[in-house]
Amino acid sequence: MWKILASTSPRILWEKGLPDLQKLTAAVPAIIARCQHSKAGNGPGSPLVGSLGSSRGYSGAKQDPISHPAHAQNVDASRFKRLPVADDLMPRLVDRKNGEKVQPTFSVKELQRRLSVLRAFMITSNIDAVLFTSYHNINYFCDYLYVAFGRPYGLVVTMDNVLSITSAIDGGQPWRRTQIGENIGYTDWHRDNYYHALQAELAGRGLMTLGVEFDHMSLEGFTKLNLALPDMQKIDICKPTMRMRMKKSEEEISLIREGARIADLGGWAVVEALKEGVPEYELSIHATSAMIREVAKTYPHGDYLNTWAWIMSGINTDGGHNPATSRRVRSGDILSLNTCPVIAGYYTALERTMFLNHASDAHLALWEINCQVHRRGLELIRPGARCCDIATELNEMFREHGLLQYRSFGYGHSFGSICHYYGRETELELREDITTVLEPGMVISMEPMIMIPESMPGSGGYREHDILVLTEDGAENITGFPMGPEHNIIKK
């Protein structure tokens, strides 16, 4: 059943999947007239009326009636006496419970555990409510990965409720995916309906403090939030919640293992398709398709988005995140393989240096040095080790070979609710400025890279990448794809 939360009480527009087409069709002229003649929609300070059926109502703010309907083109003005006010069909908020709940990625017990950790932090930090706006935190705390397309999304957590605030363009999908708490959709019919929903949930309850993600909120968004909730003090929670995500549960580690396996499968798909003359994008398409099919086979109840592959060749290997191009692979080319399956917003990766058919002596020497650094890095990842100390020791290895200046970035990073456009857990990266001590349950990569300029012998980017799960007494490497010159000079 889908409900419109209109200016008085909830009005059921759809029931048993059958829309009232006559009513909808008759209302079209009124809607056109309103768009042509009405003033801009009210902002977040509009009065709240109506009810969702709980003690805190969700509603549309009452608007002025249509002022000049007869001015609309091809409109019979006499019909408006028989029509409802346009706001009845153009509400601010909607409740769309459509279909049945889907099978979640994680158990309800696991999601409740995450919320319990969050609420314990809220109590000790004197935070009355939390508003998550980022992909990674909304995904982490309610198992829903949104598609923004320029619209804001939110997850409100209080001591007694969880509410996801999503765009009505998504229909019932956010409600189907959300396993804990409620969902409300906001429409485009009035300005700042998203902030209206926040005000409906939080205003007038005596809540004094609101945790928000300063690293994700724009200046405009923060300004509108303050206008909607002026009495609530805003407190940054981005780093505390990042630390909550850094240690993985058994359910998360199980999913990451599957991701590592599927990333390996993507690597073998590249080997299968690699030949002289094939464009980079064709290799990427082949690998991506193979991974998506395996993700769907392994998680038939999931949503499938964001899985990708970057297969670079020649000069294009000089960056770690360079996209695929139409460059055609040549015999003797250096290649950088990056296969990255995404399962329920959790990304994993395989990265390998490869050559097609043969490699020069200069290339082989540089490749072997990078592999030596990689192997030593795998040995250093243990509980109790500091991220900065691992980076410092590996720096010395490159320095001894005169290659330190050709490093591109840190030696590794965390995994979890992460993708190339969200979720970086910066306090779990193998860098000189990160003092985090590694602990069991953390998942981290080892991925040294050097980039040799085009003007030098052996030019190109060299990069190896494995995923390690920290255990009580060591680390388990869950990447299975082979590494180095003895395996990855692909002869076709």
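A crossing of two helices is called left-handed if the near helix is turned anticlockwise from the far one by less than a right angle, and right-handed if clockwise. The views show a predicted model, in which local features need pLDDT of at least 70, side-chain atom pairs count only at pLDDT 80 or more, and totals for chains, interfaces and linings use all residues. Residues are numbered from 1 along each chain as its sequence is written, and side-chain values use heavy atoms, with hydrogens and water left out.

**View A. Helix α8 (residues 250-273) against helix α9 (residues 280-298).** Helices (H or I, at least four residues) are DSSP runs numbered from the N terminus. α8 passes α9 in a right-handed crossing. Contact (heavy atoms within 4.5 Å) involves, among others, R261, I262, L265 and A269 of α8 and L283, H286, A290 and M291 of α9. The contact residues comprise eleven nonpolar, three polar and four charged; Ala, Val, Leu, Ile, Met, Phe, Trp, Tyr, Cys and Pro count as nonpolar, Asp, Glu, Lys and Arg as charged, and the others, Gly among them, as polar.

**View B. Helix α10, residues 361-380.** Buried residues (under 20% relative accessible area, 1.4 Å probe, protein chains only) of α10 include H363, W367, C371 and H374.

**View C. Cysteines C142 and C388.** C142 counts as buried because its relative accessibility is 3%, and C388 is buried at 7%. The closest cysteine sulfur to that of C388 is in C387, 7.3 Å away and too far for a bond. The whole structure has zero disulfides, a disulfide being a pair of cysteine sulfur atoms within 2.5 Å.

Conventions: Helix = DSSP H or I, 4+ residues; strand = E, 2+ residues; numbered from the N terminus. Expected span 1.5 Å × (residues − 1). Buried < 20%, exposed > 50% of the residue type's maximum accessible area, 1.4 Å probe, protein only. Axes fitted to C-alpha atoms, helices over the stretch in contact; angles between N-to-C directions.
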